[in-house]
Amino acid sequence: MLPAYPYLILSAVLFTTGTLGVLIRRNPIIMFMSIELMLNAANLAFITFARYQQSMDGHVFVFIVMTVAAAEVAVGLGIIVAIFRLRGNINVDELDEMKG
Amino acid sequence: MTIPVSAADWIVINTELILVGTAMIVLLLDAFNRRISDRISPWITLVGVVGGLVSLGFLWGQEYTGFAGMLVIDSFSVLVKMAILFGTGLAVLLSVDYLRREELAQGEYYGLLLLSTVGMLLLTSSANLIMIFLSLEMLSIALYVLTGYARMRPRSQEAGMKYFLLGSFSAAILVYGVALIYGALGTVDLAGVAEALTAPGILSNPVLLAGAGLVLVGLGFKVAAVPFQMWTPDVYEGAPSPVTAFMSVSTKAAAFAALTRVLVFAFSDLSGVWMAVIWAIAALTMIFGNLVAIAQNNIKRMLAYSSIAHAGYILVAVASANQLGIQSIPFYLIAYTFMNIGAWAVVTVITRKGEEGVGLSDYTGLFWRNPLLAVSMGLFMFSLAGIPPTAGFTAKIYLFMAAVNANLIGLLIVAVVTTIISAYFYLRVTVIMFMHRPSEVSAVHVPIAAYVAIIIAVVATLWLFLFPNSTQAFTEAVWRMGL
Amino acid sequence: MDLIRNHILSILIFLPIAAGIALVIVPRRYAVFIRWFAFISGLVAFALSILLFLWFRSNMAGWQFEEFAPWIRVLPRVVEGETRYAINYHLGIDGISLFLIMLTTFLTPVAILASWRGITERAREFYVALLLLEGAMIGVFSSLDLILFYVFWDAMLIPMYFIIGVWGYENRIYASIKFFIYTLVGSLLMLAAIIYLGLQNPAGLTFDLTELVAADIARSVQYWLFLAFGLAFAIKVPVFPLHTWLPDAHTEAPTAGSVILAGILLKMGAYGFLRFCLPLFPEASVHFAPLMIVLGVIGIIYGALVAYSQPDIKRLVAYSSVSHLGFVVLGIFALNIQGIQGALLIMIAHGLSTGALFLIVGMMYERRHTRLMSDYGGVWRRMPFFGAFFIIAALASLGLPGLANFPGEFLVILGTFAAANWVYALLAASGVVFAAIYILWLYGNVMQGPVEKPEVEAMRDLSVREAFVLAPVVIFIVLLGVFPGVVLDRTAVSSEAILEQVRPDESRTSLGRGAWAIEVRGIGTHALRPKTDSPQPVPHFLVEGGEEQ
C-alpha cells in the first residue's frame, strides 16, 4: 500500500484550501462549503491514520464528524435562507450593521 | 453482541439525561399544543434545570468515569456544571418576558436552550478529544439558531450568520487538530494523550505540535481570547439579550473547563510550549478587552468586551497551572455567572421592544427612576471590576494568589493595571446611572421573573463574597482531577 | 455582657451596616423617622465605642478584643498545632486603633445630624451610604488580616464615591471619579504587594499581620513592598505630590462627606503607615524616612501657602488639611516616640478641628448658598453664637495652646528636632505660623468687619440642632487640648511597640499624665542603657505630679 504521506498531504491541501476559502470568499454558501471542505480534510486524516495504525478508532471518529457536519449544514442553510428572505441578497460584506 | 453499559455510565450522564428529557418534553409539547406550550414551557424548563442542579448535589464530592473514559465526573466538573446550570436557569427567567415582548416563539427557544446546555454539560465532563468536539458542536449549533432567533431583526440575523461562520470555522480547525494528534499519538483520550506524551522524543514531533496548536486555536475561538475574538462583540450585540447572557457565561464556563483539562492534564508535558503562549494570549486579551471597552457607547458591546477581558483573567489562572490556579477557575466561573447575568438582566429589562435603548445614555439617572435596578447594576459593575465587597473581588484574589504562587509577576502586573483601566468604564456606568438626572422620570417596568433573576444574582454576588467556602473546601480535591 | 465584650468589634462594624440595610426597607416618605433612625444608630455605635474605651487596658501590650474566624479556607497550614488557612476574619485593636474608632463613631452621628436639613433628595439612600461607610471605616481600623483590611479599605471607597458624586456640588462627578480612581490605583498596587507579601511567610501563604510581622523579609523586597504600600497610603494621607484629588473631593462633597473625608478617611493613610509599613518593613521605613520627612515638610508649607490663596472657603480648609497632615507624616517618620505620639494626637485633633470647620462652612452654605469668602463679611454681628464656635475651631486649627492641635504639633516638632536636622523642625514650626496667617485671614474676611451684603443681614444664628452638632466637637477640642494624656496614656504602649519593631535598640521615652507634664528622656542618652553618642539635645522638663512609665 502507499505510504501515509500522500494522503496526509492531500488532507493538508484540502484543509488549507478550505481555510483560504473561508477567509477570502464573500458568499456565505461558498464559505460554508469551504468549512465542509476543512471538515472532510479532517475525515481524510482520520481515516489515513486509522489505516496506518491498524485501529478502528479513526473510522468511528469519521462517523461522528460526518454527523456533526450534517447537523451544521441543516442549521447553517436555515440561517442563510432566513437572511435571504429578509434582505434579498447574501454577501458577508454587506452584513456590516455592526462594526466588527 | 451487546454493548456493555455499566451503572457508572448512567451516573455520569445523570444531569444531561434530565435536561435532555426536559428538552424532549418541551419540544413535544410545543409540537402538539402551541398555546399551552407558550405559557408553561419556561416553567417546565426551570423544573428541568433545578432537577439538574439537584442531581449534581448528589454527585457532590464523588468521582466517576463512564463510557470507556470518555466522560468523567469529578469535583471540578460538578462545580462548573453548577455554574452552567445557574446560567441557564437565570437566562430562562430573563427570557420569559423578553420573548413575549419581542413576540417570538417560546417552545422551540427553550428546547434549544436546554439542548445547548446539554452540550455544555457534556463538554465539562469530556475526557476525550472527540467528545470535546462533539459536545462543542452540540452546544454551538443550538446557539447559532438562538443567536439568530429574532428573525425579523437584521442585527440578530447578522449575528447569527457571523457566529455560525466563526463557530463552524473554529470547529473545523479543532477537529483537524484532533486528527493530527490522533495521528501522532494514536489516541484521543486525554489520559492516553498525557501518557503518550511521556514517551521520549515525542515532544518534537511536528505533527503533534501542529495538532496541539490547532486544538488550542479551536478552543481559543470558543473562549473568545485574542486574537480569536473578532466578531464576538457583534454576536453579543446582535443576539437577543437573554441569549447573550446565556452565551457569555455558560459557554465560557464549559469552554474553559475543556481548555483546562486539555492544557493542564493532557498537555502537561508540553507545558514548556503552551505556558508561554497562554501567557501572551492572556496578557493580550486582558489589555485588548479592557482598552476597547472604554470606547463603547452601547452597553451590550461594552459588556461584550468586558467578557473578553474576563476570559483573559481566567486564562491567567490557566497559565498558573498550579493547585491554586485550578481551584480558582470554578469559583471565578460561578462568580462570573452571577455577576454577568445580573448585568445582562438589567440590560434586558431596560431595553425596549426591538432592542431599542441599548445605548449608555439610556441609563441616565436610573437611580432616580428605579433605585433597585440602579443599585443592582452598580453592584454588578463593581463586582465585574473586582472591588470589594463583591464576589468578583474574591474571584480576583484567588486569581492573583495563583499568579503569584506560580511566579507570574509580569502577568500579575498586567492584570492589576487592566483592572484599574476596567474600573473606569464600569464606574462610568454608575456615574451615568446615579449622578445624572434623567430627562423623563418614567418608571421602568420590571417583569417579575426578571426581578427574581436580579435578586438571585445580587444575593449570590454578596453571598459568594461573605462565604466563599461553599465552593472552596470542595475544590481542594480538584488537583487530582481524575480523568 | 460577656458576649458583647467578646464580639464588640464585630458589633461595631456590622451594627451600622445592618442599620444601613434596614433603612433601605423603610419607605421614603417617613423622612423624620429615617433621620432619627440614622442618628440614633450612630449614637449607639458611639456608646459602644465608649464601652470599648472603658474596657481598654492601657498597660497591656498586644491586641485587645481579638476575634478570629477562618474566612477563605484555602491552603491549610499548621500553626502551633492547629490548621490555619490563608485568609481569616481577624480583628483586634490597640491604643492607636481605639481612638481612631472612637473618632469614627463620634464624627458619624455628628455628620448625620448636620445633614438633616442639607440633604433633601434621596435622603434615605444618603444615610444608608453614611452608615455603610461607618461600618467599613471601623473595619479598616480593626482588621488584623491584610486581605480583610484591603476589603474594608476598598469597600470604603464605594459609599464615599456615591456620597460625593450624587449629593455633592457642581463639579461633583469629576471630583468623585478622580477620588475613586486615584485611590484605586494605589490600592490595587497595594493588593499586588499584599499578595506577594503573603507568600513571604516561610510557613506558607498567610495574610495575618501577627505572623507576617514575625517573618523576616529581605531588604530589597522590603523596599519594593514599602513603596507599593506606601503609595496607597501616601495617596490617602495625602502626601505631597499625591494630594491633587483632595481639594476637589473635599470641596465638592456635601458637608457630611467632607467631615468624614477630612476627619477620618485621611487618617487611614497615616494609620496604614503606622500599622503596616513600619512593623512589616522596618529597614525600608528607616531607609525611606528622610524622603518622607522632606515630603512632610513640603506638604506643610505648600498646603499652608496654597490655602492662603483660596477664595473658596472649603478649598482653603481642604488645603489646610494637607498642611496638617504633613505634620502627621513628619511625626511618623521621625521614628521616635515623640513623633509618633504627636502624630497620633494630631490625627485625632485634626479630625475634630477640621471636622468642625467643615461643619461650620456647611452651615454657612445652607444659609447663603455660596462658599466664596468675598460673599461674606461681618457675619459675627448676625451670628454671635456661631462665631464663638467658629473662633474655637479656627484657633484649634491654628495650633493655639490649650486646644486640641497644640500638644500634637508640639510633640511632632520635638520629634523632628530629635530625629533630623534642625532646619526641618524650623520649617515645620513655620508651618504653624502660616496656619495662623490663613486661618486668621479666613476668619477676618468672613466674620469680622462691617456687614456689607444684604444677604448676610438675613443670616440667622444657630438653631438648636446645629448647636448640638457643633457643641460636642468643640467640647472635645478643648478637652483634648487640656488633657491630651487621656489619649497619650493609652497609645503609649502601642507606639512603643511599633518603635520596637523599627528601632529595636532605641531607648524608650515616656509621656505621663497631664497636659503640661511631659517628661522626656533623651534619645540615645538614657541612663539605663548606655549608648553611643547622640547629636541631639535633650529637652528635659520636670513637673510635679508627672508619672513615669
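In this predicted model, 37 residues of chain C are in contact (heavy atoms within 4.5 Å) with 38 residues of chain B. Residues are numbered from 1 along each chain as written, and chains are lettered from A in written order. Local features need pLDDT of at least 70, side-chain atom pairs count only at pLDDT 80 or more, and totals for interfaces use all residues, while side-chain values use heavy atoms, without hydrogens or water.

**The interface of chains C and B**

The two chains bury about 3500 Å² between them, 79% of it on carbon and sulfur atoms. Buried area is the accessible area (1.4 Å probe) lost on being put together, summed over both parts. In chain C, W71(C), R122(C) and L188(C) lose the most area to chain B, together 15% of what that side buries.

One salt bridge (Lys or Arg side-chain nitrogen within 4 Å of an Asp or Glu carboxyl oxygen) crosses the interface. E121(C) and R437(B) form a salt bridge, at 3.1 Å from N to O. β1 (64–72), α5 (146–167) and α6 (172–198) of chain C each supply at least two residues to the side touching chain B. α6(C) gives the most, 14 residues.

| Class on the chain C side | Count |
|---|---|
| Nonpolar | 28 residues |
| Polar | two residues |

Technical notes. Helix = DSSP H or I, 4+ residues; strand = E, 2+ residues; numbered from the N terminus. Nonpolar A, V, L, I, M, F, W, Y, C, P; charged D, E, K, R; others polar.
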